[in-house]
Amino acid sequence: MQVRDKDLEVGSREEKIRQLEKEQLNLRSWLFEQSSIYAKIQKLSTQKCKEKERKVLTMTERSHLYDVIGRIYDDYICSMKEKYPRLTDEDLLYLCLSHTNLDSLSIALCLGFSNTQPINQRKYRLKEKMKQ
């Protein structure tokens, strides 16, 4: 009977850890949404123009985005670098942005692309890098 109680206790604590991790991600998203760069991204994502005419984040804005994301997701980035050393800074930025409430087009605009094709390619390459 004690083994079963311990198994239930472990299962309960593991579930609590999963809930806390989810809450942590939600809080990070909320913090990011409070930043000025998020407001800029939201403005860019509402553009009503042809794909080739879409504006994307400038290099300066991208640098600011890296700084903001780096501060908010620091421990997540460190753990991913440790677990998957082949990931580039842009891969890590993509992973962080994928945990926010941004859609694929908004993430593409953040990375300097006017459409989602490069994002789809990045997802595929990330899966391959993370398998090894």
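**View 1. Cys78 in helix α4 of the predicted model.** Cys78 sits within helix α4, where helices are DSSP runs of H or I of at least four residues, strands are runs of E of at least two, and both are numbered from the N terminus. With a relative accessibility of 43%, Cys78 counts as partly exposed, because buried is defined as under 20% relative accessible area, exposed as over 50%, and partly exposed as anything in between, using a 1.4 Å probe and protein chains only. Between Cys78 and Arg13, which are 65 residues apart in sequence, the C-alpha to C-alpha distance is 24 Å. This is a predicted model, in which local features need pLDDT of at least 70 and side-chain atom pairs count only at pLDDT 80 or more, while totals for chains, interfaces and linings use all residues. Residues are numbered from 1 along each chain as its sequence is written, and side-chain values use heavy atoms, with hydrogens and water left out.

**View 2. Helix α1 and the elements that cover its buried residues.** Helix α1 runs over residues 2-33 and has 32 residues. From its first C-alpha to its last, α1 reaches 46 Å, close to the 46 Å expected at 1.5 Å a residue, the expected span being 1.5 Å times one less than the number of residues. Arg28, Ser29 and Phe32 are buried residues of α1. The cover over the buried residues of α1 includes α2 (36-45), α3 (59-72), α4 (74-83) and α5 (89-98).

**View 3. Leu102 and Asp103 in the loop between α5 and α6.** Leu102 is found in this loop and, with 9% relative accessibility, counts as buried. Its contacts, for which heavy atoms must lie within 4.5 Å, are with Phe32, Tyr38, Ile41, Gln42, Leu97, Ile107 and Cys110 once neighbours within four places in sequence are left aside. Leu102 and Tyr124 are 22 residues apart along the chain, and their C-alpha atoms are separated by 19 Å. Asp103, found in the loop between α5 and α6, is partly exposed, with a relative accessible area of 45%. Asp103 and Ser45 lie 58 residues apart in sequence, and the C-alpha to C-alpha distance between them is 9.0 Å.

**View 4. Ser106 in helix α6.** Ser106 belongs to helix α6, which covers residues 104-110. Its relative accessible area is 2%, so Ser106 is buried. When its neighbours within four places in sequence are left aside, Ser106 is in contact with Ile41 and Ser45.

**View 5. Ile119 in helix α7.** Helix α7 covers residues 117-131 and holds Ile119, which is buried, with a relative accessible area of 0%. Which residues does Ile119 touch, not counting residues up to four places away in sequence? They are Tyr94, Ser104, Ile107, Ala108 and Leu111. Ile119 and Leu44 are 75 residues apart along the chain, and a distance of 17 Å separates their C-alpha atoms.

**View 6. The whole protein, as a setting for the close-ups above.** The C-alpha trace spans about 65 × 35 × 25 Å along its principal axes. The radius of gyration of the protein, taken over C-alpha atoms, is 18 Å, whereas a compact globule of 132 residues would have a value near 14 Å by the rule of 2.2 Å times the number of residues to the power 0.38. Of the 132 residues, 31% are buried. Among contacts between residues at least 6 apart in sequence, 63% join residues at least 24 apart. The accessible surface comes to about 9,100 Å², of which 51% belongs to carbon and sulfur atoms, with areas taken from the Shrake-Rupley method with a 1.4 Å probe.
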